[in-house]
Amino acid sequence: MSLRRTHFPQRNRILIGLSLGVIVVAAQASIGSMISARLALGQVRLVFALPGSIIDDRHAGCHE
């Protein structure tokens, strides 16, 4: 079975359900890892973010 791009949110929801928390590293504000972070918050899981440069858009999601 191949994993399609549309399956990532479903897969991530399952993985988050099996985890104690999520760590977000170097995420843009509109990237899949931010979707996973929001899913984790919705499932009352811990969410950790590793901040980066405040002038680099690649870290905007972590600062959110």
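**Contacts, core and helix packing**

Analyst: Happy to! Among contacts in the chain with a separation of 6 or more, 65% join residues 24 or more positions apart. Please keep in mind that this is a predicted model.

User: What share of the residues counts as buried?

Analyst: For scale, the C-alpha trace spans about 40 × 25 × 15 Å along its principal axes. Buried here means under 20% relative accessible area. Of the 64 residues of the chain, the share that counts as buried is 22%.

User: Which element gives the most residues to the largest nonpolar core?

Analyst: That core has 9 residues: Ile-16, Val-22, Val-24, Ala-27, Met-34, Ala-37, Leu-39, Ala-40 and Cys-62. Two elements, β1 (21-25) and α2 (32-42), each supply at least two residues of this core. With 4 residues, the element that gives the most is α2.

User: Which residues does Ala-27 contact, leaving aside its neighbours within four places in sequence?

Analyst: Ala-27 belongs to the largest nonpolar core, and Met-34 and Cys-62 are also members. Leaving aside neighbours within four places in sequence, the contacts of Ala-27 are Ser-33, Met-34, Asp-57, Arg-58, His-59, Ala-60, Gly-61 and Cys-62.

User: How are α1 and α2 oriented to each other?

Analyst: Two packed helices are described by the angle between their axes and the distance between the axes. For helix α1 (residues 8-17) and α2, the axes are 10 Å apart and the angle is about 45°. Angles under 35 degrees would count as roughly parallel, and 65 to 115 as roughly perpendicular. The two helices α1 and α2 are therefore oblique to each other.

User: What is the handedness of the crossing, and which residues meet there?

Analyst: From α1 come Pro-9, Asn-12, Arg-13 and Ile-16, and they meet Ser-36, Leu-39 and Ala-40 in α2. By class, this contact of α1 with α2 has 4 nonpolar, 2 polar and 1 charged residues. As for the handedness with which α1 passes α2, the crossing is right-handed.

User: Is Ile-35 buried, exposed or partly exposed?

Analyst: Ile-35 lies in helix α2. Its C-alpha atom is separated by 9.1 Å from that of Asn-12, 23 residues apart along the chain. The relative accessibility of Ile-35 is 42%, so Ile-35 counts as partly exposed.

User: What is the phi of Ala-26, and what is that of Val-44?

Analyst: Ala-26 sits in the loop between β1 and α2, while Val-44 is placed in the loop between α2 and β2 (46-50). At 40% relative accessibility Ala-26 counts as partly exposed, whereas Val-44 is exposed, with 72% relative accessible area. Neither is a glycine, yet phi is positive in each: about 50° for Ala-26 and about 55° for Val-44.

User: And His-59: is it buried or exposed?

Analyst: His-59 is found in the loop between β2 and α3 (60-63). Leaving aside neighbours within four places in sequence, His-59 is in contact with Ala-26, Ala-27, Gly-52 and Ser-53. Its relative accessible area is 17%, so His-59 is buried.

Note on methods
Residues are numbered from 1 along each chain as its sequence is written. This is a predicted model: local features need pLDDT of at least 70, side-chain atom pairs count only at pLDDT 80 or more; totals for chains, interfaces and linings use all residues. Side-chain values use heavy atoms; hydrogens and water are left out. A nonpolar core is a set of buried Ala, Val, Leu, Ile, Met, Phe, Trp, Tyr and Cys residues joined through side-chain atoms within 4.5 Å. Buried means under 20% relative accessible area, exposed over 50%, partly exposed in between (1.4 Å probe, protein chains only). Contact means heavy atoms within 4.5 Å. Axes are lines fitted to C-alpha atoms, for helices over the stretch in contact, and angles run from 0 to 180 degrees between N-to-C directions. Angles under 35 degrees count as roughly parallel, over 145 as roughly antiparallel, 65 to 115 as roughly perpendicular and the rest as oblique. A crossing is left-handed if the near helix is turned anticlockwise from the far one by less than a right angle, and right-handed if clockwise. Ala, Val, Leu, Ile, Met, Phe, Trp, Tyr, Cys and Pro count as nonpolar, Asp, Glu, Lys and Arg as charged, and the others, Gly among them, as polar.
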